[in-house]
Amino acid sequence: SVSYNGVKYPVVWLDDSCFLNCVNMKSVKIPSQVTRLGMFCFSGCSSLTSVEFSSGINIFGSKCFLDCVNLKSIYIPDGDTFMDDYCFYNCKSLTTARLPNGLKTLNKYCFFKCTSLVHCDLPATLKTIQDGCFANCDSLVNLDIPAGVESIGELCFNQCYNLKSVSLPSSVTSLGFACFCDCRSLESID
């Protein structure tokens, strides 16, 4: 909360660029009343290693955690969630991500260049994985795409050099251009 003239006001959203380039910030605990993170909200927080969410965030703005190069893992509680483009772009130390039930679309380049990403828990509510979402995720070895996903965008897994297997449900009706381009280790799509 924020106090002004003796009155407390709850903080319910962190606006665009709120903590942009706060290079010494190491951890963040986001309280339950905050439901929205603006564009570039924590972008460039190069020392940030952990983010704790007390409850679900409804909106993650574009490039929200862009270049948080030391962020290790992300666990987002369940809730109706929208994650805009480039949300975790170039979080190169990110190893695990747990995405919330309630998320329907992974927008463009969400995990692009997350070169240490080993595991991403995708929710059962997911319907669309957009362009370049997991491109250049060099450490990703396998991925289980949940039943219900219908569309996977262009270049989605481009240059995932160590990707060996993908569980692709029968609900998928569209694979975008060069979806698995340069997946040199890919052995099976089930």
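**Exercise 1.** Which residues form a nonpolar patch on the surface, and what is their accessible area together?

*Solution.* The model is predicted: local features require pLDDT of at least 70, side-chain atom pairs count only at pLDDT 80 or more, and totals for chains, interfaces and linings use all residues. Residues are numbered from 1 along each chain as its sequence is written, and side-chain values use heavy atoms, with hydrogens and water left out.

Step 1. The patch consists of Val2, Tyr4, Val7 and Tyr9, with about 400 Å² of accessible area together. Patch members have over 30% relative accessible area and no salt bridge; nonpolar side chains (Val, Leu, Ile, Met, Phe, Trp, Tyr) are joined within 5 Å, and like charges within 9 Å. A salt bridge is a side-chain nitrogen of Lys or Arg within 4 Å of a carboxyl oxygen of Asp or Glu. Areas come from the Shrake-Rupley method with a 1.4 Å probe, and for residues only the protein chains shown count as cover.

Step 2. At least two patch residues come from each of strand 1 (2-4) and strand 2 (7-9); strands are DSSP runs of E with at least two residues, numbered from the N terminus.

Step 3. Tyr4 belongs to strand 1 and counts as exposed because its relative accessibility is 54%, the classes being buried under 20%, exposed over 50% and partly exposed in between.

**Exercise 2.** State the strand order of the open sheet of 3 strands and identify its edges.

*Solution.* Step 1. The order is 14-16-18, with parallel pairing; two strands pair if DSSP finds at least two bridges between them.

Step 1. Strand 14 (142-144) and strand 18 (188-189) are the edge strands, each pairing on one side only.

Step 2. Strand 14 is joined to strand 16 (residues 165-167) by 3 bridges, and Asp144 has Ser167 as its bridge partner in strand 16.

Terms used. Helix = DSSP H or I, 4+ residues; strand = E, 2+ residues; numbered from the N terminus. Buried < 20%, exposed > 50% of the residue type's maximum accessible area, 1.4 Å probe, protein only.
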